[in-house]
Structure formats: structure tokens, C-alpha cells
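Reader: I am new to protein structures and would like a close look at a single part. Please start with a place where two chains meet, and then show me what lies around it.

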Amino acid sequence: MSKPHYDREHHVKKATGIGDPQCFKGEAGPPKFKVGDKVRVRDLPDIFYSRTQVYTRGAEATVAELVYESPAPEDEAWDNTENVVWFYSLIFKQKDLWPDYPDAFANDTLETELPERWLEPL
Amino acid sequence: MSSSVRHKVMKHLEIVKQLQPSLHYETHAPAPDQIDNEHYRAYTRMSHDVGGEPDVPITWEEKEEEVWEHNTFVTCEVLAWRGVWNAEERRRRQNVDVGQTQYLGLPYYGRWLLTAARILVDKQYITVTELSDKIDEVRKRYE
Amino acid sequence: MAEKHKPAPMVEEVSEFEVLEIAVRELAIEKGLFTAEDHQRWTEYMHTLGPLPAARLVAKAWLDPEFKKLAVEDGVKASLEVGIDWVNSMPTHFGTPSDYCNLRVLEDTPKLKHVVVCTLCSCYPRPILGQSPEWYRTPNYRRRLVRWPRQVLAEFGLQLPDDVEVRVEDSNQKSRFIVLPVRPEGTEGWSEDQLAEIVTRDCLIGVATPKPGKTANDPRPVRPAVNPYHH
């Protein structure tokens, strides 16, 4: 069996002079959500790799910004970069993440970024 | 085999008997009926996903950098610059593929370093024999 | 319970990490994956890094409302004005592999305080802030900050009033973050240089706030290296 061939140049060709994630701009198609939308984080299987933190699963959040387009980390972690998706900056109420979060600090929030596939409309 | 090597072997066995999987039971490698879905999820968890785990306060420290730590960081970035891997492949390998025991037991850059060695082998740029010979040769420089 | 801090290995014994680091670097060079010059160039690039550009970005934003607007809207573009090109400043000309090119500047207000963590690894805006501190990389900081932010901030000496919203930024993808703190009282009429001096690395991560006269991070124990790298 011959050794697999890796195209070591594919990323440098795409991103040189442009940057990453800028080099994926325009590849994700129309975004499913807009700023201000309420969403819930899906509890998808996270077999082998994900950057969607367990503590966000099933929690409600508000879309704060459409930040960029990029392959999802689950794909990019094996150098699969064909499927480009929208990434959203989301704001969670801390009270929605942690049942024991003190009522006195009900305004406290947490922000993190997730790819579109992990979100469903609320 | 020299007696100093045998001494190292015995010391090694004393340390590894203290290593434990993330949940300790008397019997390891359970039968399928002994593991439910919650335990499957716990054992297959991604070791990097630590947000929200309870822990006690510690002293916040700064740290001097070792020469090997600096060189390891640079090697990992240059491997990515030259397309051997991308940063997400590196993170997946060094923060999840290593497993819970190495993830928590090794220094931060120790994981970077083992992962840099591993990518060269996994993508068949080097063989394990070459790596082993090189490690042995470098060790001898310091004897 | 295992002892927390084991004694450092004896200096005359080379560590397995040192051996493996040399082995990996030499093999990668022998196989033509990168050159010794590539490695040297990246080391030289690392020598240029530190928190000063980020501190200057904050000082500029305090002095110029238009620049502040730009910084919050487009951190990458704003970085150019403090000498950092997120795409071309480094040898790659596509950004650093690990830090990408999407700086976001988090603007504090008197009622909103940001603090940054990466729960999944240790994502950090190296091109504009230098290497991350050890504590930022610990599982302990990453475990606790997202859930008990006020306790952790108090341990860093930052007590926040109840009516200030604490917003934890969990930096988990390709954006990198610095905090743009509120300009403190007692700095009226200060120059950009004077202002930049009080914007410490810890202020830019969000575990401290700038104060007149405070030009360094809070003192903390420094864990010495066995074979230290001199920057």
C-alpha cells in the first residue's frame, strides 16, 4: 500500500495575504440566524472532537454577532475544510447555565462562539 | 541489562500502579452490561472540556519558560506554517486524543511535544524506528 | 495525596522532554518538513511579541472615540495602527497558525466588565499580547472562571459591585480577545504613552483594572525553570 498523499500546500495557497478565517468568507451560504435571535444549543453527539462545550448543551442564548465563516472545528481537526459554516457569537445568562448561580448576580453573562450546526431556533 | 535499568523498571511499576482511569472501580475493562450510557459518556468525554468542573482555589503563578518549552511551541507553529498540520488538528491531538491521564498528568508543553512527535509518525513522515533511534542517539549525547 | 510541587529534577540529568524536543526538531529538519532557518525565524518573531501593542490600542481608544469605534468593530484593522498586522506581521503571511486573524476588542463600561478564558485549551491573542501567563493555562482557571467568575476575580484582587454585569468570554474558536477597560479617574490630560503604561497584561485579559500609578501586574510567585529560556 502506498503512503497517503497530503497536500501540504492547500491552506497556505488559500490563506496567504488574506488570513484565516477571512479566506473562507462567502463560502457558507446564507446564515440561518440573525443578531438578536434566541437559540438553543443542540445536544449533538461529540464523538472524538468538538469545541462546543458540554456546559452550553441545551441552554438558551441570544445571537450577539455573526462573527465569520469557517469549517467547523470537528471537521478542521482532521483537515477537512470543504464544508464552511457560519459562526455565531452567543450570549448566555449565567443563571441559565448554572442552577446554583447566585440570584444577586442575575445580570451576569457568558459569551462564546459556536458553529451554526449546533444551534436550533427557540 | 544493567542493574540501574532494572531499578528504573521497578520504580516505574510503583508509579503506574497509582495511575487511575477517570472513575475508579475495582474491576477495570467492564463487561458491556456493567456500563450504562452515562458511564460511556463519561469515559469517552473530551478531556479538554473542563469548563464548570468544581475545583478549589489555588495560588496563581507566573512561570519561567524552559528552553525545550519555547522550542516545542516554535516547532509546532512551524509545522503548521509548512502545512504538516493545522492548529485544530494539533489541539485535537494534544488536548483530546491524549486521554484524560496524560492530559492532566503531563506539563502543558509536554502534550504539545508528544503530539508533534506523533504527527510525524501518523502522517508517515518518519517511522517509529527512526524516532526511537533518534531519541536513543540524543540521549547518548548527554551521557 | 501526592505532593503538589515535586522538587525540580537535578540539573545534570537531561529530561525526557529535552531529549524528545531535540529529536523531533532534528527529524523534522532532516526530513525537509521545515528548515532550521524557519525555526530560527519563528523564534525571532516570538522575540518581537509582548503586551505593549494591545496596551497602546487601549490608550488610543481612550483618547480617540473614532478609533475606539473602529477597535470594537474591527479589531484586526485597528491593530494596524499599533503596528500589528494579523495577516502579514509573521513569517507565514497568513497569520499565525494558532491565533488566526480575528481579534475582537471587548469594551467595558461602568456597568459591564469582561474577563477572558479559554476553557478548552489556552487560546490567547499572542500577536498583540505575547505569550499567555501560566495561570491562564491551568485547568483550574479554565474550570472555575466560567462558573464562579466573581470568586476567581476576587482571588485576583478584583471585587466588583453587584450591579456590574460580569461577562465571561470563553474564547473557544477562531476569534481572539482583548479587554478594553474603562479609563480610570485621575488620568485626565495624560498622553498616550502615560495611559499605555497602566494598561497591564492582566487588565487586557480582564482580571485587573487599570489604576494611575499601577504599571505592573500584581506580584505573584514565579515558578523557576530548570533550564530557562531567555527572551
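Author: Strand β1 (residues 62-63) of chain B pairs with β5(C). The pairing is parallel and runs over two bridges. Find B:Lys63 on the chain B side; its bridge partner in β5(C) is C:Arg223. Keep in mind that this is a predicted model.

Now step back to the whole contact between these chains. Chain C brings 53 residues to it, and chain B brings 52 residues. Which parts of chain C supply at least two residues each? They are α1 (16-30), α2 (36-47), α7 (134-137), α8 (139-145) and β5 (222-223). The most comes from α1(C), which gives 12 residues. Sort the chain C side by class, and you get 29 nonpolar, eight polar and 16 charged residues.

Stay in chain B for a moment. Here two helices pack within one chain. Two packed helices are described by the angle between their axes and the distance between the axes. Take helix α3 (residues 67-81) of chain B and helix α6 (residues 108-122) of chain B: their axes come within 9 Å and cross at roughly 40°. That angle makes α3(B) oblique to α6(B). The crossing of α3(B) past α6(B) is left-handed. Look at the residues that meet. From α3(B) come B:Glu69, B:Thr72, B:Phe73, B:Thr75, B:Cys76 and B:Leu79. From α6(B) come B:Tyr109, B:Trp112, B:Leu113, B:Ala116 and B:Ile119. By class, this contact of α3(B) with α6(B) has eight nonpolar residues, two polar and one charged.

Next, go to chain C and its other strands.

Strand β1 (residues 38-41) of chain A is joined to β5(A) by three bridges, and the two run antiparallel. Within this pair, A:Val39 stands opposite A:Pro121. A:Pro21 lies in the loop between α1 (10-15) and β1 of chain A. The peptide bond from A:Asp20 to A:Pro21 is cis, with omega near 20°.

Finish in a loop of chain C, between α5 (75-80) and β1 (103-107), where C:His93 lies. C:Tyr100 also lies in the loop between α5 and β1 of chain C. Phi of C:His93 is near 65°, a positive value in a residue other than glycine. Phi of C:Tyr100 is positive too, near 60°. Are they buried or exposed? C:His93 has 16 C-beta neighbours inside 10 Å, so it counts as partly exposed. C:Tyr100 has 27 C-beta neighbours inside 10 Å, so it counts as buried. The cut-off for buried is 20 or more.

Methods. Residues numbered from 1 in each chain as written. Chains lettered and ligands numbered in written order. Predicted model: local features only at pLDDT ≥ 70, side-chain atom pairs only at ≥ 80, totals over all residues. Pairing = 2+ DSSP bridges. Helix = DSSP H or I, 4+ residues; strand = E, 2+ residues; numbered from the N terminus. Buried ≥ 20, exposed ≤ 12 C-beta atoms within 10 Å, placed from the backbone. Axes fitted to C-alpha atoms, helices over the stretch in contact; angles between N-to-C directions. Parallel < 35°, antiparallel > 145°, perpendicular 65-115°, else oblique. Left-handed = near helix turned anticlockwise from the far one by under 90°. Contact = placed C-beta atoms within 7 Å. Nonpolar A, V, L, I, M, F, W, Y, C, P; charged D, E, K, R; others polar.
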